[in-house]
Amino acid sequence: MAMGVIPADLLDSALAGNRRDLARMLTLIENGGVFDIPEQSPWTLGVTGPPGVGKSTLIGRLISNWADRGERVAVLAVDPSSPRSGGALLADRMRMSTADSNDSVFVRSLATRNHPGGLVSCLSPMIDALAACGWSRIVIETVGAGQAEIRVVAFADRILLVDGPDRGDIVQAEKAGIMELADIVAINKSDIPNSQQAADSVRAALEVGGDSSVTVHLVSAHDGSGIIELLDTIESCPASGARDRLRVRERLLSAWDSRLLAHPRLNEVIDALETGSITLDEAVEIVGLSED
Ligand SMILES: Nc1nc2c(ncn2[C@@H]2O[C@H](COP(=O)(O)OP(=O)(O)O)[C@@H](O)[C@H]2O)c(=O)[nH]1
Ligand SMILES: [Mg+2]
């Protein structure tokens with residue numbers, strides 16, 4: 001990974017609205033490039049939930065509503081596996097661009113497999129770059145609801161958990177702790193049976209957990225029902241609130257992981273652990289807080 005300062009002319013061109021140069025700049029940031037822009041206060045929404053529940057389709061709906069209101073929407077689609085040109089992503093792009101508003105939409109994918117230490121070091125600067133370039137709504141979509149995804153959405157200031165009517169995944173999501181982090185829950189596909197029951201059971205689960213601040217919306221990204229109400233809830237969701245501490249905690253854990261995975265002696269320590277020549281405690285000592 002080449003570290004370097006991003007050329008000023010590229011930065012200027014991206015800031016002036018050149019999308020191709022913005023894409024180039026994001027690639028440089030992804031590869032460890034650093035740049036100097038004024039401090040930003042980006043508007044961010046994390047969207048997470050099991051694969052296939054309709055996150056991308058729903059984001060497409062949000063995009064068209066936002067575009068109608070004059071917002072410019074950038075989506076960072078975080079995919080654990082697929083290469084940048086992967087089929088899933090292309091399909092996502094199609095779904096998101098159904099909003100007839102391409103000038104107001106920018107979609108960028110990030111394959112986590114290119115980042116064994118996690119996306120922590122590039123995510124914040126990417127978000128700042130997008131905000132500096134005038135993207136007023138920045139959405140981070142993840143493809144799953146596992147630990148890695150939670151870590152990623154924790155970089156957003158508000159979190160939307162999406163689930164569908166026909167699966168038990170919400171229970172898994174709950175296990176992974178995502179329910180605790182979510183500000184808003186959307187049960188998508190209200191046009192097919194069982195969605196009402198799914199919404200009811202999520203509401204019941206939240207009540208048991210004593211959390212009354214989370215709104216559960218029943219929506220259909222296909223026929224558009226419930227979307228305006230969902231959007232209103234998203235827009236009125238404060239950027240900082242009860243879940244701040246949990247989010248900060250996830251960010252810290254993710255920074256810690258990434259520091260560990262980038263440690264120069266990591267392989268050596270794993271080898272030593274494997275052969276039993278050091279203990280786990282000794283290993284932790286070696287890779288401890290210092291950088292080398
Ligand atoms: N019936 C129905 N299908 C939907 C709805 N939203 C999305 N889908 C379908 O669900 C599938 C997965 O959608 P996608 O947006 O890719 O889900 P993601 O993996 O969560 O991003 C696609 O075939 C969509 O057409 C909906 O509101 N109702
Ligand atoms: Mg998707």
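Helices (H or I, at least four residues) and strands (E, at least two) are DSSP runs, numbered from the N terminus. The structure is a predicted model, in which local features need pLDDT of at least 70 and side-chain atom pairs count only at pLDDT 80 or more, while totals for chains, interfaces and linings use all residues. Residues are numbered from 1 along each chain as its sequence is written, and chains are lettered from A and ligands numbered from 1 in the order in which they are written.

A residue is called buried if 20 or more other C-beta atoms, placed from the backbone, lie within 10 Å of its own, exposed if 12 or fewer do, and partly exposed in between. Of the 292 residues in the chain, 40% are buried. Ile184, which belongs to strand β8, is buried, because 20 other C-beta atoms lie within 10 Å. By contrast, zero of the ten residues of helix α12 are buried, so this helix lies largely in the open; after α12 comes Gly276, whose phi is positive, near 80 degrees.

The elements discussed here have these residue ranges.

| Element | Residues |
|---|---|
| Strand β8 | 184–187 |
| Helix α9 | 195–208 |
| Strand β9 | 215–218 |
| Helix α12 | 266–275 |

Strands pair if DSSP finds at least two bridges between them, and β8 and β9, which run parallel, are joined by four bridges. From β8 the chain passes through helix α9 to β9, in a β-α-β crossover that is right-handed, which means that, with the strands pointing away from the viewer, the path from the first strand over the helix to the second runs clockwise.
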